[in-house]
Amino acid sequence: MIFEYARVSTHDQNLDMQIDALKKYGIDERNIFKEKITGTKKDRPALDQLLNIIRKGDKVVVYKLDRISRSTKHLIELTDMFRENGIDFISIQDSIDTSTAMGRFFFRIMASISELERDIISERTKFGLESARARGRKGGRPRKNKEKVNLAIKMYESKEYTIKEIEVATGLSKTTIYRYLE
């Protein structure tokens with residue numbers, strides 16, 4: 001059987017473009033596992049459901065590689081699992097089909113290039129931060145006024161004020177107040 005996984009990151013986005021492309025590919029809409037959840041989340045129920053029902057000889061089709069995986073590592077883990085279980089993986093937009101030797105080779109090259117790109121960005125960021133520190137800049141989140149933080153904590157602990165009232169009185173955000181309360 002051919003199964004498809006379609007995902008968008010937020011509930012405001014829609015899956016129409018992906019589903020249209022998959023229908024052109026010949027996918028039956030009943031076999032499309034749809035999800036509206038950020039790709040960074042490890043727990044993705046529709047993907048988990050798909051992974052639990054696929055069997056040897058099945059195909060998993062996605063619109064693009066970034067729709068199914070959180071990272072290059074996760075993508076390689078998924079495709080290794082597919083390969084070990086005799087499941088083919090196809091990415092329409094990326095023209096990858098792991099049922100062929102060239103498709104497997106191309107996939108590995110693309111995954112390696114993606115990983116290299118991520119490493120280069122990480123190195124550039126690290127060197128940029130070191131350079132800024134050498135010039136006396138610290139970076140990071142600016143410290144909050146201690147007096148305002150202490151006032152917010154006292155107001156919260158008095159149980160006489162709502163979080164909204166504390167926000168207005170101190171100028172601190174709800175997130176900041178809760179962070180300092182921890």
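At what angle do helix α6 and helix α7 pack, and how far apart are their axes? In this predicted model, α6 (residues 163–170) and α7 (residues 174–181) meet at an angle of about 100 degrees, and 9 Å separates their axes. Because angles of 65 to 115 degrees count as roughly perpendicular, the two helices are described as roughly perpendicular to each other. On the α6 side, the contact is made by Ile163, Ile166 and Glu167, and these face Lys174, Ile177 and Tyr178 of α7. By residue type, this contact comprises 4 nonpolar and 2 charged residues, with no polar ones.

Turning to the sheet, we find an open arrangement of 5 strands in the order β2-β1-β3-β4-β5, and the pairing is mixed. The edges are taken by β2 (32–36) and β5 (96–97); each has a single partner strand, so one side of each lacks a neighbour in the sheet. For β2, the pairing with β1 (residues 2–8) is parallel and comprises 5 bridges.

Helix α2 (residues 45–53), for its part, lies across β1, β2 and β3, and runs at about 155 degrees to β2.

Key:
Residues are numbered from 1 along each chain as its sequence is written. This is a predicted model: local features need pLDDT of at least 70, side-chain atom pairs count only at pLDDT 80 or more; totals for chains, interfaces and linings use all residues. Side-chain values use heavy atoms; hydrogens and water are left out. Axes are lines fitted to C-alpha atoms, for helices over the stretch in contact, and angles run from 0 to 180 degrees between N-to-C directions. Helices (H or I, at least four residues) and strands (E, at least two) are DSSP runs, numbered from the N terminus. Angles under 35 degrees count as roughly parallel, over 145 as roughly antiparallel, 65 to 115 as roughly perpendicular and the rest as oblique. Contact means heavy atoms within 4.5 Å. Ala, Val, Leu, Ile, Met, Phe, Trp, Tyr, Cys and Pro count as nonpolar, Asp, Glu, Lys and Arg as charged, and the others, Gly among them, as polar. Two strands pair if DSSP finds at least two bridges between them.
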